[in-house]
Amino acid sequence: MDSRAYILEAIAKNQPSSNPLPDISSIAVVDYDVVEKFKTILEGIGGQAIEIQNLDEVVSYVKSYFNEGQRIISTLPELASVAEIGWQNQDPHTLENVELNILRAQFGVAENAALWLTEAQLGQRVAPFITQNLAVVIDKNNLVATMHHAYDRIANAEYGFGLYLAGPSKTADIEQSLVLGAHGSRTMTVFLLS
Amino acid sequence: MKNGRDARTTLMNHAELAENFIKDGERTTWHDETLWFVRKKRDLAAFQLPEWEALREAASQIKHNGLSNMHDYLVAFEEKATANGIKIHWAMDALEHNQIVHSILKENSIAEIIKSKSMLTEECHLNEYLIEHGVDVVDTDLGERIVQLREEKPSHIVLPAIHLKKEDVGETFHKYLGTEKGNKDPQYLTEAARQHLREKFVSRKAALTGVNFAVAETGEFVVCTNEGNADMGAHLADVHIACMGFEKIIPERKHLGVFLRLLARSATGQPITTYSSHFKKPRPGQQMHIVIVDNGRSQQLGREDFRNSLKCIRCGACMNTCPVYRRSGGHSYHSAVAGPIGSILAPNLDMRKNADLPFASTLCGSCSNVCPVKIDIHEQLYKWRQVLVKEGHVPFGKKVAMQAMTFTLSHPGVFKTAGKVGRSMMGLAPFTVSNGLNPWYKQREMPAPPKESFREWFSKNRNGQ
């Protein structure tokens, strides 16, 4: 008997009698304003929130904090004046020298400041990780309260890779001292678009 | 393995290894307080959610449903994942798991691999196996890289290097990564590891990750990290191998909402890990493999008293709260998963070798109280003790002592006399108990014997009332 059959047979023999699934549709308790909550949590996990009215403000932000020698990429065509567009089909290793990557999230989650992006928004799977700095644009009205709301929204959407992204990469593996910028992006800026 | 757990295991049990750990009093206190600090962060995070208890209950029930339909869920998962372009492998035990991983590498002519954290591969001793077969393995989680360079094992499932001080890490990095001698600044050392591992991420062709959750409904699996190391590896490699115990299966995608709310809050007090990556299909041109491992789990599933241990989501909360773990260190458990949860998982794998672990507990119950999936950990510790005694895995001395105690406690006359003799011996000849042969005398003074027993006091003062 091969291992698959052996394992499945042992499981079928040993598994307990069936228990129903709980109803999780009304677990969430939401007693907060989603925008305020999102901003507070994001700052708590080492990110930065900036409220903007339009994408021109992102352009000026990039111009004031980054210089022309630095490689800046984006999936937002509106940012073509400051960022490289059309890198999506390059070998992912070529993104190693990216200084700033600006993406747009589908939606954000207030309770943990996580942003949901799938390949369509990521451009490349490695793009939000390999960059030194990361910025994400999110429409304010695309914030949901909790992870339950988040999965309701995803429902049975099709994707090859999906990602919740919450703050900059971090570690506390040396004596529990928090250090931002472990292997992924060192900083995380979220532009909250009204 | 120079300082590895295995070399010591055959010789020393938990109590002996713990004795070694607590020789440095200051460090023991630091370890104790640091883990308690993490426990407090967990409390702060949990108390912010009025629905915390409802979430724990839901998680426990979802896991129970998962265990009770495991056969069908696994078949469904395999079917979906295969349709998504992922290759599924099944491993009956640790050796088969290691052979599968190695064969995938061989087929692709790859002799260098990077790994993110996977307790399963620790359980299976994959690193040792691959190295023996000429494969170079680099762990990429910072804590795991530190212990790997030191030829040690992780001492905690979430905080692998929690037994080390920054001075130790500074020395290790000076030796292996060429950092400045004496520099122990965590920021500086983390940056050195970032540079060192980036070179590995961009050059290695195969990446191995663990799996936090695998969804039967969709065939996707979720990997959670704070560092981003799993993703840096997987998205740059030509071959991604993900290894999972079959108990990682959850029924539906929406159930991820429950578990992702609980996991990081329970582990470190964060509202969620920085990255929660949902892998559903390989990226174009990439190979994606999942190795589903049994290694004793189907047997544990059949043990009614112990099957709940398979609900574990590996958050580490039970370790951070455990008074024994905090003051004995993860290595004293001589098992890939330490602490209370490790102590109820390990005897299933090897009863004889791990017979000491269920006794490494005060049965205070704190582990069960913080467990996000409500595993009755302390009750299982107590039940394992009974199984181990029955199966004859308890040291002869303890067995004889227990038999003597059973006899004494079930014969009131003997009990009365024994108490009297004991009290007078402690008073007249204290060396008979205050010596190295009495384990209760270790690191503590024996209490002064009372002048009379409760029975004597009662008959004098209250008898006939």
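The structure is a predicted model, in which local features need pLDDT of at least 70 and side-chain atom pairs count only at pLDDT 80 or more, while totals for chains, interfaces and linings use all residues. Residues are numbered from 1 along each chain as its sequence is written, and chains are lettered from A and ligands numbered from 1 in the order in which they are written.

Chain A contains six helices and eleven strands, where helices (H or I, at least four residues) and strands (E, at least two) are DSSP runs numbered from the N terminus. The C-alpha trace of chain A spans about 65 × 45 × 40 Å along its principal axes. Of its 194 residues, 46% count as buried, a residue being buried if 20 or more other C-beta atoms, placed from the backbone, lie within 10 Å of its own.

Between the chains, 69 residues of chain B are in contact with 59 residues of chain A, contact meaning that the C-beta atoms of two residues, placed from the backbone, lie within 7 Å. Helix α4 (residues 52-68) of chain B supplies the largest share of the side of chain B that touches chain A, namely nine residues. By class, this side of chain B has 32 nonpolar, 22 polar and 15 charged residues; Ala, Val, Leu, Ile, Met, Phe, Trp, Tyr, Cys and Pro count as nonpolar, Asp, Glu, Lys and Arg as charged, and the others, Gly among them, as polar.

Two strands pair if DSSP finds at least two bridges between them. Within this pairing, L163(A) stands opposite S277(B).

Within chain B, strand β4 (residues 206-209) has A206(B) and L208(B) pointing one way and A207(B) and T209(B) the other way, and all are buried. In a regular strand, the side chains alternate between the two faces of the sheet. Strand β2 (residues 112-115) of chain B runs parallel to β4(B) and is joined to it by three bridges, with I114(B) opposite A207(B). β4(B) also pairs in the parallel sense, over four bridges, with strand β7 (residues 239-245) of chain B, where A242(B) is the bridge partner of T209(B).

Methods: Buried ≥ 20, exposed ≤ 12 C-beta atoms within 10 Å, placed from the backbone.
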